[in-house]
Amino acid sequence: MGKTGKVYLVGAGPGNPDLLTVKAKELIEGAEAVVYDRLIGEAIIALLPETALKINVGKEAGYHPVPQEEINRILVEEARKGRDVVRLKGGDSFVFGRGGEELEELIQAGITFEVVPGITSAIAAAAYAGIPVTHRDYASSLHIITGHRKKDGKLDLDYDSLVGLEGTLIFLMSLSSLDQLIKGLLAAGMSPSMDCALIENGTRPYQRKVLGSLSNIEDLAAAQAIVSPALFIVGRVCSLATQFDWFDRLPLKGRRILAVQHQKTGRRLAAALSRLGAEVRLLPLMETKVLDFALPDLTPYTTLVFTSANGVDAYFQQLLAAGQDCRFLAGKKLAAVGSQTGEAFLKYGLYPDFVPSLFQGETLAREMLANNLLTPSDRLLLLQAKEASPGLGKALDEGGIPYDSLAIYETFYNHQDLPADLKSYDWITFTAASCVEGLARCAAEAGAPAADFTGLPALCIGPTTAEKARQLGMKVTLPPEATISSMADTLVSIYSSANA
Ligand code: SAH
C-alpha cells in the first residue's frame, strides 16, 4: 500500500475570507482534496485551487444531509488514497461542529491529523454586530449554547442556571427554537426588557442584525424574515451594539458589485471594495498568456511604451528568462499607459519617465507630443497585447513619430456563467476594455434570452473602457483618475454624498 494522506481539520471561520487564519488560508490554497460543509460560504470556496477535488457534504437543515458516518468514511477513504485532505468546517470545528467525532474515526482508522482552530461565528458575528461578548460593566462570563432541539422537539436546557449566571448567552442553531428559548428564560426570571440580538450571516457583506428585548425580538425577527445561519445573543452587552457598530457603517455596506476582471490582476479592485463593506462577486472573464516572442534589439529605439501592467510583466518574464535584467533597458525612455502600468515598473527597479493623465494610448501620444517629449528623431517600440487597439499607433502616425510594435502577450476570454440576477447589482465594474468585450461575449454565448445591458450602471477605469460599455448601452461612470483607488473613491463619494 502507498502512503496514506493526512487529514487537516480546519476551522474556516464565519464565512468572510478575511477571517481565515493564516494556516487555514495556506492549506486551502494548496489543497489536493477538500471536504466541506454548507456554512463555509462561496467566498472561501472560491479560494480553492481549480485542481482540488471538492466534496460538498453540506449539511443543510431540512434537506438531505450527508450522514456523519458517510462523511467519516469519505475522510478515511480519501486519506487512504494517499491524498492530504482538508476537512473544512464553519467557524471552529469543535464548537458544535462534530470535529471530535471525526477525529475519533480517524484515530480508529490509523490516520494522522492536525487541527487548525477557526474563529467561531459565536464571537465573530457578535464583533461584526458591535457586541463585545464581555464587558466589565455588563457581563463577566460568556456561554455558547446550542438551541438545537432533540428528536422529540424539546430543548434540554437548565434555564435557572443560565439566568443565574448573569453572563452573555450566545445560542447557535436557535432560530427554529427561538420561542421556546425565550419562554424558558422568562419563566426562569429573566427580565422581558433584557437586551438581545439576532445576527444573520454574521461577518458576511450581507449580514443583517436585529436588536431588541426578550419581549419583542421574535416579532422583529419575523418582520425582517431572519433566516439561518443566524445566532441569538442575550445579555446586557447587546445594548452597546448601536454605539459600537462599525460594520454597518462602512461606506459601501449593502452595495452589491459585480467585478468583471482579469483572472490574476483584477483582484485589487474587488479587495478594495470588499474592505469598504461591499458585497463583491467576481467574474474572472479574461486571462493573459505571455507570447513566446524573441527579445528585440533595442538599439534603434529611444523610447519603450508599455500599455498595461500585464505587458510589463510579460516583457520582464522574457527578459529575465534570457538572463538579462533591467540594465538591458539602460538609456531608454520608458512610457506607461495607466498608473498601474507605471507601478508595475517599480517591481523591476525602474521608474517610468512618462505616464499620461488618462488610461488611453492616444492620450499618451498627444501629451508626450505636447510636452516636447517626442520628436520625429525619436523611434518608439510599443510593447503591447496582440489585440491592442490602434489608437496609439494612429496618434503617433499623425504626429509623424516613427515606431514599431511588438505583441508580447495575448488576452484570452475565459467563459463563466453570467449571473442570472444581473440587474440586482448596484454596479458592474470594468478595469479594462477587454473585460467589457468579455462580458458581451459571455452573454452572447449564453444564448437566448440575450442579456440586456441597457441602463446598467458601469464603473469603468478609463475612457476606452467607458466607450465599450456605452456601446452596450450601459450607464457609465468614470473616476477622476484611471486607478483602482480612484474607482473605489468614486463609489465612496457617491454614497457618502447620498447619505449626507
Ligand atoms: N462550528 C460553527 C458552528 C456550527 S453550528 C462555529 O464555530 O461557528 C451552526 C450554527 O452556527 C448556525 O445554526 C448558526 O447559529 C451559527 N452560525 C454559523 N455561521 C454563522 C454566521 N456567519 N452568522 C451567524 N450565525 C452563524
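Which polar backbone atom is 2.9 Å from an oxygen atom of the ligand? The atom belongs to methionine 173; such a polar contact is a pair of N or O atoms within 3.5 Å. The ligand, taken alone, exposes 550 Å², and the protein buries 93% of that (areas by the Shrake-Rupley method with a 1.4 Å probe).

The structure is a predicted model, in which local features need pLDDT of at least 70 and side-chain atom pairs count only at pLDDT 80 or more, while totals for chains, interfaces and linings use all residues. Residues are numbered from 1 along each chain as its sequence is written, and side-chain values use heavy atoms, with hydrogens and water left out.

The shell around the ligand holds 17 residues, each with a heavy atom within 4 Å of the ligand. Val95, Thr120, Ser121, Gly202 and Ala230 come nearest. Because domain 1 (7-119) and domain 2 (123-244) both give residues to this shell, the ligand lies between them; the domain bounds come from an automatic or database assignment.

A pocket is an open set of points on a 1 Å grid where a 1.4 Å probe fits, with protein on both sides within 12 Å along at least five of seven lines; lining residues have an atom within 4 Å of a point. Of its 45 lining residues, Glu42, Ala43, Ala46, Val280 and Leu282 lie nearest the centre.

How values were computed:
A polar contact is a pair of N or O atoms within 3.5 Å; within protein, one must be able to donate a hydrogen and the other to accept it, and residues adjacent in sequence count only if both atoms are side-chain atoms.
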